[in-house]
Amino acid sequence: MKKLLFAAAIICCCLSFKSADAQVRIRFGVNINAQPDWGPVGYTHADYYYMPDIDAYYDVPAHQYVYYENNVWVHGPALPPRYGNFDRYHSYKVVINTRNPWEHPALYRDKYAAYRGRRTQAVIRDSHDERYRNHYHEDNGNGHGNGGGRDHGHGNDGDHGHDHGDKH
């Protein structure tokens, strides 16, 4: 009888462990709704966007920009004024799913230098894909969204968000 109860307890523990593991994977597996309308299409999950034009990052789950200022990486809801002419909708974004990519800035700066000035990436706002219907909408009241990026039209042109980032 003791052996039967012990075996039943072990089976219950194993089943509850697998159930919890599956819940964690589902929670972190898809974050389309957290991605901003200026994010690249083609991704069900993105932790960070690297923006080679300004050598800065966007933390998708936290909805914060990460940029270098006064020898430190600053996390904030908007880009500083020096990026006022940066166009989030038409600049290239690299999806990176490695934790804290700004801790290795030279790696990403060198690896994606060729994407500076590239304007051929489709963005979520212009997608007709039903998956993006309820994506995150940024707006700080000035019509430009967080970061003051300028929206000069529709950037629906060719490159459909092929992953150039590190997937883990």
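Of the 168 residues in this protein chain, 41% are buried. Keep in mind that this is a predicted model. The chain exposes about 9,800 Å², and 56% of that comes from carbon and sulfur atoms.

As for the layout, there are two helices and five strands, and reading along the sequence gives α-β-β-β-β-β-α. If you take the contacts with a separation of 6 or more, 69% are between residues 24 or more positions apart.

Now for the rings. A search of the whole structure turns up 17 aromatic pairs. One of them joins Y57 and W73 edge-to-face, with 5.7 Å centre to centre and 65° between the planes. Y57 sits in strand β2 and W73 in strand β4 (residues 72-76), so this pair ties together parts that are 16 residues apart in sequence. Both residues also belong to a cluster linked by ring pairs, whose other members are Y48, Y50, Y68, Y92, W102, Y108, Y112 and Y115. Y92 has a charged neighbour too: R118 lies over its face, 5.5 Å from the ring centre.

How do Y57 and A62 compare for exposure, buried or partly exposed? Here are the two values.

| Residue | Relative accessible area | State |
|---|---|---|
| Y57 | 0% | buried |
| A62 | 42% | partly exposed |

So Y57 is buried at 0%, whereas A62 is partly exposed at 42%. A62 belongs to the loop between β2 (56-59) and β3 (64-69). Its C-alpha atom is 8.7 Å from that of A34, a residue 28 positions away along the chain.

Conventions:
Residues numbered from 1 in each chain as written. Predicted model: local features only at pLDDT ≥ 70, side-chain atom pairs only at ≥ 80, totals over all residues. Heavy atoms only, no water. Helix = DSSP H or I, 4+ residues; strand = E, 2+ residues; numbered from the N terminus. Buried < 20%, exposed > 50% of the residue type's maximum accessible area, 1.4 Å probe, protein only. Contact = heavy atoms within 4.5 Å. Areas by Shrake-Rupley, 256 points an atom, 1.4 Å probe, with all protein chains shown as cover. Phe/Tyr/Trp six-rings, centres within 6.5 Å; stacked < 30°, edge-to-face > 60°. Lys NZ or Arg CZ within 6 Å of the ring centre and 35° of its normal.
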